[in-house]
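Visitor: I have a few minutes before my next run. Can you walk me through this one?
Guide: Go ahead and ask; here it is.

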Amino acid sequence: MSVHTPADYLELARAENDSALLHRLARCPYPFVWQALAANPSTAPGTLLELSTAQDST
């Protein structure tokens, strides 16, 4: 996974179908990527659970 910009994260979150890669993307700091992951049908339930508690600031 070679990601260089926030747009790269977003594109992967929208188009990827590898649930392991999607899970790794869930740890990125961008809420707009989290939203794309939530909309991606290939995102595993465990990843969605993790995203449900994600916060972009303390």
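Guide: One term to begin with: a residue is called buried when its relative accessible area is under 20%, and exposed when that is over 50%. Keep in mind that this is a predicted model.

Visitor: Fine. Is Thr47 buried or exposed?
Guide: Thr47 has 3% relative accessibility, and the limit for buried is under 20%, so Thr47 counts as buried.

Visitor: Where does Thr47 lie, and what does Thr47 touch?
Guide: Thr47 is part of helix H4. Leaving aside residues up to four places away in sequence, Thr47 touches Leu22, His23 and Ala26.

Visitor: Switching to H3. Which residues of H3 are buried?
Guide: Helix H3 spans residues 31–39, and Val33, Trp34, Ala36 and Leu37 are buried there. They cover an arc of only 160° around the axis, which puts them on the same side of H3.

Visitor: What is on the other side of H3?
Guide: Gln35 and Ala39, which are exposed.

Visitor: What do the buried residues of H3 pack against?
Guide: Three helices: H1 (6–15), H2 (19–25) and H4 (45–51).

Visitor: Take H1, then. At what angle do the axes of H1 and H3 cross?
Guide: At roughly 10°, and the axes come within 8 Å. Angles under 35 degrees count as roughly parallel, so H1 and H3 are roughly parallel to each other.

Visitor: Which residues make the contact?
Guide: From H1, the contact is made by Pro6, Tyr9, Leu10, Ala13 and Arg14; from H3, by Phe32, Val33, Ala36 and Leu37. Leu10 touches Phe32, Val33 and Ala36, again not counting residues up to four places away in sequence.

Visitor: Which residues make up the largest nonpolar core?
Guide: That core has eleven residues in all, among them Leu10, Ala13, Leu22, Leu25, Cys28 and Leu51. Val33, Trp34, Ala36 and Leu37 are also included. The elements that give two or more residues to this core are H1, H2 and H3. The largest share, four residues, comes from H3.

Visitor: What about Ala38? What does Ala38 touch?
Guide: Ala38 lies in helix H3. Ala38 touches Leu48 and Leu51, with residues up to four places away in sequence not counted. The C-alpha atoms of Ala38 and Ala26 are separated by 9.5 Å, and these two residues are twelve apart along the chain.

Visitor: Last topic, rings. How many aromatic pairs are there?
Guide: The structure holds two. In one of them, the rings of Tyr30 and Phe32 have their centres 5.3 Å apart and their planes at 25°, so this pair is stacked. Ring pairs also link Tyr9, Tyr30 and Phe32 into a cluster.

Visitor: How accessible are Tyr30 and Phe32?
Guide: Tyr30 is partly exposed, with a relative accessible area of 25%. Phe32 is at 36% relative accessibility and counts as partly exposed too.

Terms used
Residues numbered from 1 in each chain as written. Predicted model: local features only at pLDDT ≥ 70, side-chain atom pairs only at ≥ 80, totals over all residues. Heavy atoms only, no water. Phe/Tyr/Trp six-rings, centres within 6.5 Å; stacked < 30°, edge-to-face > 60°. Buried < 20%, exposed > 50% of the residue type's maximum accessible area, 1.4 Å probe, protein only. Arc of directions from axis to C-beta. Contact = heavy atoms within 4.5 Å. Core = buried A, V, L, I, M, F, W, Y, C linked by side-chain atoms within 4.5 Å. Axes fitted to C-alpha atoms, helices over the stretch in contact; angles between N-to-C directions. Parallel < 35°, antiparallel > 145°, perpendicular 65-115°, else oblique.
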